[in-house]
Structures are given as structure tokens and as C-alpha cells.
Amino acid sequence: MGGHLNINHLMFLGQGALWTIGLSLIALIGGGIVGFVIALARISPLKSVRIASAVYVQLIQGTPLLVILFLGYFGLAAIGLKVSPLVAAGASLTLYVAAYLGEIWRGCIQSVPKPQWEAAEGLALSRTQRMVKVILPQAIRIATPPTVGFMVQIIKNTSLASVVGFVELMRSGQIVNNSLFEPFAIYAIIAVTYFAMCYPLSLFSQRLERRMGRGRSNLAPA
Amino acid sequence: MSLQLDFPAVLERWPSFLAGAVLTLELAFFATVLGALLGTLAAVGRGTHNVLISGACKVYVETIRNTPLLVQIFLVYFGLASLGLKYSAFTVAVAALTINVGAYTAEIMRAGFEAIPRGQIEAAEGLALSRLQIYWHIILLPAVEKVYPALTSQFVLLMLASSVCSQISAEELTAVANYIQSDTYRAFETYIIVAVLYVILSLVMRAGFWGLGLVLFPRRRRLGTPL
């Protein structure tokens with residue numbers, strides 16, 4: 001107890017903020033790769049693949065991230081797999097993000113106008129060629145604004161990794177608070193820092209969305 | 001690595017799990033009702049011509065939507081304490097969840113309001129409906145009907161997010177799980193059971209909202225539009 005917020009505390013919080021960004025990137029990249037597979041699996045011609053991926057999405061979306069994190073951290077440790085907080089948080093967030101990004105991207109792929117699918121089929125392109133050359137380039141344009149918007153959710157959700165002992169922004173705030181005991185001031189600083197990371201992304205996503213809305217009519221294959 | 005799952009050892013604590021699940025539903029219920037009210041007010045506030053009110057509503061919505069719920073809960077928890085106000089963890093949890101879901105509800109409701117064609121309001125004015133009647137019958141109810149699926153998804157997400165309240169020792173489902181796993185050393189089994197319970201709770205909530213939608217919006221039922 002005692003003491004005041006000094007430069008060392010702020011440096012520590014800054015380090016936590018960097019880990020928040022790092023963990024967010026891990027979750028975005030890992031979740032993006034798995035999510036892309038999920039999105040394709042959800043519209044697969046094989047019924048069993050469609051069902052399996054739908055079950056995965058339903059299970060993850062019906063479970064709180066906190067419980068997934070506990071399963072990854074305490075659960076794996078309990079069955080003899082000792083994992084570090086970074087691995088546990090990275091893996092849990094990847095599985096979580098994949099379910100949501102998969103659903104977002106599936107919607108984007110399916111919202112490519114029907115005639116484009118038919119035209120690609122009419123040109124006798126194979127399923128892979130149709131996807132890679134015709135559908136995905138258009139889907140990526142549609143998917144960009146919601147994906148940027150979802151990055152805000154990812155950044156906010158990394159705060160839960162603090163609960164399994166990962167020292168990101170929230171956890172470093174708790175540690176600083178343990179020595180100063182000025183919770184209101186410290187959590188206000190934390191909140192402002194999260195806001196500074198998330199708000200620019202929110203604005204960017206909104207701007208992209210507006211631009212898309214205007215450009216929808218001349219949506220040409222990129 | 002030896003994987004030996006012992007579910008019975010954990011499942012015998014079912015009364016605790018049940019109590020936690022009930023408290024989670026209670027949290028979700030109060031926060032949903034209060035958050036829907038707060039969100040609707042904030043959406044109406046953002047649409048007013050008074051710059052001060054619409055500005056304040058915008059600041060509220062953007063601040064909440066761009067900060068983590070965990071931080072909000074701690075701020076409410078310690079904020080109330082620093083004001084000398086002592087409330088139970090349950091009250092603090094409901095307050096924080098309400099403030100949180102209110103901001104998301106406000107954005108959804110705003111989208112609903114913007115989807116109401118101006119002509120409908122002018123037509124209602126032409127029929128000499130009162131301002132209150134116009135607000136209720138022409139704006140609010142059709143707006144809710146339009147955004148009902150998005151609203152209900154948001155409320156299910158709120159129920160799942162209430163797990164974060166375990167961090168201020170509200171005795172909901174996740175807090176119960178933390179307690180049981182530290183007591184039985186059966187973390188994997190405990191959290192699997194809790195995950196399944198959450199999935200069940202979200203399915204129950206979805207079914208409930210779907211049924212409520214059929215009662216509230218008979219037009220949808222008549223047209224056979226899927227919710």
C-alpha cells in the first residue's frame with residue numbers, strides 16, 4: 001500500500017498494453033485461419049462436414065469465452081498437459097474467434113450475388129476455381145468492414161486472459177492496483193487505454209461500411 | 001498423459017450447479033429488462049435535436065462499446081465503493097451488465113428507428129394520431145419487430161457475458177464452477193459440465209425469445225416469416 005502512480009507503473013501498464021495487442025494479433029491470425037476453414041466447411045457440398053462445422057459453431061457460440069479459457073488453462077493442466085497462460089489464452093481465443101469469424105465470413109461468401117456463382121459455373125470453372133477466382137475476391141470486399149469491427153471484440157475479449165494469469169493490460173492494471181490500491185483511478189486509466197485502441201478501429205469499420213454502401217452498385221470483381 | 005475423466009465425482013454437486021445456473025438466468029433477466037429500457041432511451045436520445053442529449057447518448061454508447069465488460073464491472077464495483085455505497089455483488093453485477101447491454105441495445109434500436117419510412121410517420125400525423133400514439137404504434141413497435149432477431153442474439157450474448165461477474169464474486173454459474181473445481185481438483189470435468197449448461201441455457205433463451213416473438217408479433221406468424 002501507499003505510494004503514487006509513477007513512471008514505472010505507467011511503463012508496466014504500457015507493457016501490458018503491448019501484450020494485449022500481441023494477444024489480439026495471435027487471436028486474429030489463428031482465429032482467421034481456422035475461421036476461414038470453418039466458413040468453407042459451413043458451405044461444403046458434404047453434408048457431414050456442414051453438420052460438424054455447424055455443431056462446432058453452436059457449441060462455441062453457446063459457451064462464454066471465460067469458460068473456454070478455464071477449460072484451456074485449468075482443464076488441460078488437470079489432464080496432465082501443463083500449458084503456459086500464453087498458450088492457453090492463445091489457443092482458447094483462436095477457437096473462440098474462429099467460430100464467430102467463420103460465421104461472419106460464411107455470410108459474406110453467401111452474399112456474393114447468385115448470378116456470379118451461376119456465371120462461374122456456366123464458364124465451366126471447377127469448384128476451386130469458382131471460389132478462388134470469382135467468389136472470394138468479391139467476398140473479401142464485403143467481409144472487410146465486419147472483420148475490422150470484430151477486431152474490436154477481439155481486443156476487448158483479450159482482457160479475460162487476465163483471469164488465467166496472462167499479464168496483458170487488464171492483469172497489469174490489477175497488479176499495479178495491488179501495490180497502490182487506487183482501483184478507481186487505475187481501472188479508469190485501463191478503460192481509457194482500451195478505448196484508445198478500440199475506437200479508431202470502430203470508426204474505421206464504420207467508414208468502410210459507409211463507403212461499401214455507396215459503392216455497392218459498382219461492385220466489380222477486384 | 002493419462003486422461004481419466006470422472007464425471008460422477010463432479011456431477012454429485014448438481015445442486016450447486018443448478019443454483020449457479022438459476023442465478024445466471026436471474027442476472028440475465030434483470031439486465032435484459034433494464035438494459036432494453038436504458039438502450040431504448042439512449043436510442044431515442046441520440047435521435048433528438050437537442051445536441052446535448054444526443055451527444056451524451058453517443059458518448060455513452062461509444063465508451064461502453066469500446067471498452068471490455070471486465071473493466072466496466074470493476075469500475076462500477078470500485079466506483080460505488082469509493083462513493084461509500086455498499087451493494088451486494090448481485091446488484092453490482094446487474095448494474096454493470098445493464099450499462100453494458102444498454103449501449104448495444106441502443107445501436108440496434110437506432111437501426112430499427114432508421115428503418116421506419118418517414119412516410120409512415122407522416123401518414124400517422126395525417127390521421128391525427130397523438131405524438132405518444134405515433135411513438136408507440138408507428139415507431140417503437142415496428143422498430144422492435146424489425147430488429148427482434150438482433151436484439152435477442154444480443155441478450156443471449158449478455159447471458160454468456162454474465163460469466164465475467166464471477167470475478168466480483170457474484171455466485172453465478174462460472175463462480176460456482178471455480179469453487180467446485182478448486183474443491184474437487186476436477187477442473188476439466190467441471191468446466192465441460194458448465195460449458196454444456198451454458199449451451200443449454202442459451203438454447204432455452206433462444207427458444208423462449210422465439211416463442212415470445214410469436215406472441216408479440218402475430219403478423220410474422222401469419223406471414224410465416226421465419227424469426
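Analyst: The coordinates themselves belong to a predicted model. Chain B as a whole has ten helices and zero strands, so that, in the words of the DSSP-based assignment, its elements run α-α-α-α-α-α-α-α-α-α from the N terminus on. Its C-alpha trace spans about 75 × 50 × 30 Å along the principal axes of chain B.

From here the account turns to the contact with the partner chain. Chain B contributes 35 residues and chain A contributes 36 residues, and about 3100 Å² is buried between the two chains, with 76% of that area on carbon and sulfur atoms. On the side of chain B, the residues that lose the most area to chain A are B:Asn66, B:Phe188 and B:Tyr191, which together account for 19% of what that side buries. Between chain B and chain A there are zero salt bridges, while four residue pairs, both members at pLDDT 80 or more, are in polar contact.

Which helices of chain B each supply at least two residues of the side that touches chain A? They are α3 (51-65), α4 (69-82), α7 (131-161), α8 (173-184) and α9 (187-216) of chain B. Of the elements of chain B, α9(B) gives the most to this side, with nine residues. Sorted by residue type, the side of chain B that touches chain A consists of 20 nonpolar, twelve polar and three charged residues.

For chain A, an unreviewed UniProt entry lists residues 17-41, 53-76 and 184-204 under "transmembrane region". Of these, residues 53-76 of chain A are 88% helix and 0% strand, with end C-alpha atoms 23 Å apart, whereas residues 184-204 of chain A are 100% helix and 0% strand, with end C-alpha atoms 30 Å apart.

Although salt bridges between chain B and chain A number zero, the count over all chains comes to eight. One salt bridge lies in chain A, where the side chains of A:Arg42 and A:Glu103 meet at 2.8 Å, N to O. This pair links distant parts of the chain, since A:Arg42 belongs to helix α1 (residues 7-42) of chain A and A:Glu103 to helix α4 (residues 85-110) of chain A, 61 residues apart.

Finally, a word on confidence in the partner. The mean pLDDT of chain A is 92, and 95% of its residues reach 70 or more; among its helices, the mean is lowest in helix α3 (residues 65-78) of chain A, at 90, and highest in helix α2 (residues 47-61) of chain A, at 97. Over residues 216-222 of chain A, however, pLDDT stays under 50, and the model has four contacts beyond four places in sequence for this stretch. Where pLDDT is low, predicted coordinates should not be read in detail.

Methods
Residues numbered from 1 in each chain as written. Chains lettered and ligands numbered in written order. Heavy atoms only, no water. Contact = heavy atoms within 4.5 Å. Buried area = accessible area lost by both parts, 1.4 Å probe. Salt bridge = Lys/Arg side-chain N within 4 Å of Asp/Glu carboxyl O. Polar contact = N/O pair within 3.5 Å; in protein donor to acceptor, adjacent residues only side chain to side chain. Helix = DSSP H or I, 4+ residues; strand = E, 2+ residues; numbered from the N terminus. Nonpolar A, V, L, I, M, F, W, Y, C, P; charged D, E, K, R; others polar. pLDDT = per-residue confidence, 0-100. UniProt positions renumbered as here; feature names shortened; annotations may be inferred.
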